[in-house]
Amino acid sequence: MLCIAILRKVGSTCYEHLQLHQRTMAGKGKLFTLLGLVAGSALLRQTTFVPAPRSMKPAGAAAGVAALLGTSPAFADEIGDAANRLGEASYAFAKEVDWNNGLFLQAPGDFKPLKALTAIDKMIVMGAQADPALLKAANDAHREAIASISGPNGVASKAAWNKVNAAIGRVVASVPESTVMDVYNSVKDITD
């Protein structure tokens, strides 16, 4: 409620804007309240004649308010943590695979052109729905992984392996589950 009091001092427009967002996005109300508090405190700072004390740490205060409001900490990275666990479990196997083998250039099962086109179509739809920034990050992670390839089997470094897994996980998480399942089911139809 401190945030609302601050916003009332800053101006009724900000307060009305916050109220509109709280009504339309009830699940995100705490986040908007936090953002309003940060914005309101920034506006109040600009209109005061006396500068704020040097000991005042706005970022630390915002983090404390976020914790009180029950929001997730900014450093929580469930997908990155899961990618690291996947990397721990799979990297030893990945190092044993000869990634230079021509086997990986062959179709993964009986070649079924129409079903393959359906799978490609589903993948394009998924790519179109994905967050462009996450797609770029996944592209960059793959490029870095290719640059880190060493040894006779053509495997990337473990750090690059984990980074690619995390980037793919974030892209997949950015699209609706039904779209992901469409891709999964269409690829399942063309593999043995």
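Residues are classed here as buried under 20% relative accessible area, exposed over 50% and partly exposed in between (1.4 Å probe, protein chains only). The model is predicted, so local features need pLDDT of at least 70 and side-chain atom pairs count only at pLDDT 80 or more, while totals for chains, interfaces and linings use all residues. Residues are numbered from 1 along each chain as its sequence is written, and side-chain values use heavy atoms, with hydrogens and water left out.

Helices are DSSP runs (H or I, at least four residues), numbered from the N terminus. In α6, Ala116, Ala119 and Met126 are buried. Seen down the helix axis, the buried residues of α6 fall within an arc of 80°, so they line one face. The arc is taken from the directions from the axis to the C-beta atoms. The face turned away from this buried side carries the exposed residues Leu114, Leu117, Ile124 and Ala128. Leu117 has a relative accessibility of 55%. Leu114, Leu117, Ile120 and Ile124 form a nonpolar surface patch with about 450 Å² of accessible area together. Patch residues have over 30% relative accessible area and no salt bridge; nonpolar side chains (Val, Leu, Ile, Met, Phe, Trp, Tyr) are joined within 5 Å, like charges within 9 Å. Areas come from the Shrake-Rupley method with a 1.4 Å probe, and for residues only the protein chains shown count as cover.

The structure holds 5 salt bridges, each a side-chain nitrogen of Lys or Arg within 4 Å of a carboxyl oxygen of Asp or Glu. Asp77 and Arg170 meet in one of them (2.5 Å, N to O). Asp77 lies in the loop between α4 (58–69) and α5, and Arg170 in α8, so the pair ties together parts 93 residues apart in sequence. Asp77 is partly exposed at 31%. Arg170 is partly exposed at 27%.

Asp140 forms a salt bridge with Lys136 at 3.0 Å. Asp140 also meets Arg143, at 3.1 Å. Shared partners join Lys136, Asp140 and Arg143 into one network. Asp140 is buried at 16%, whereas Lys136 is exposed at 52%.

Aromatic rings of Phe, Tyr and Trp (its six-membered ring) pair if their centres lie within 6.5 Å; planes under 30 degrees apart are stacked, over 60 edge-to-face and the rest tilted. The count comes to 2 aromatic pairs. Tyr91 and Trp161 are edge-to-face, 6.1 Å centre to centre with 65° between the planes. This pair links α5 (residues 78–96) to α8 (residues 158–173), with the partners 70 residues apart. Trp99 and Phe104 are stacked, at 5.2 Å and 25°.

Notes
Helix = DSSP H or I, 4+ residues; strand = E, 2+ residues; numbered from the N terminus.
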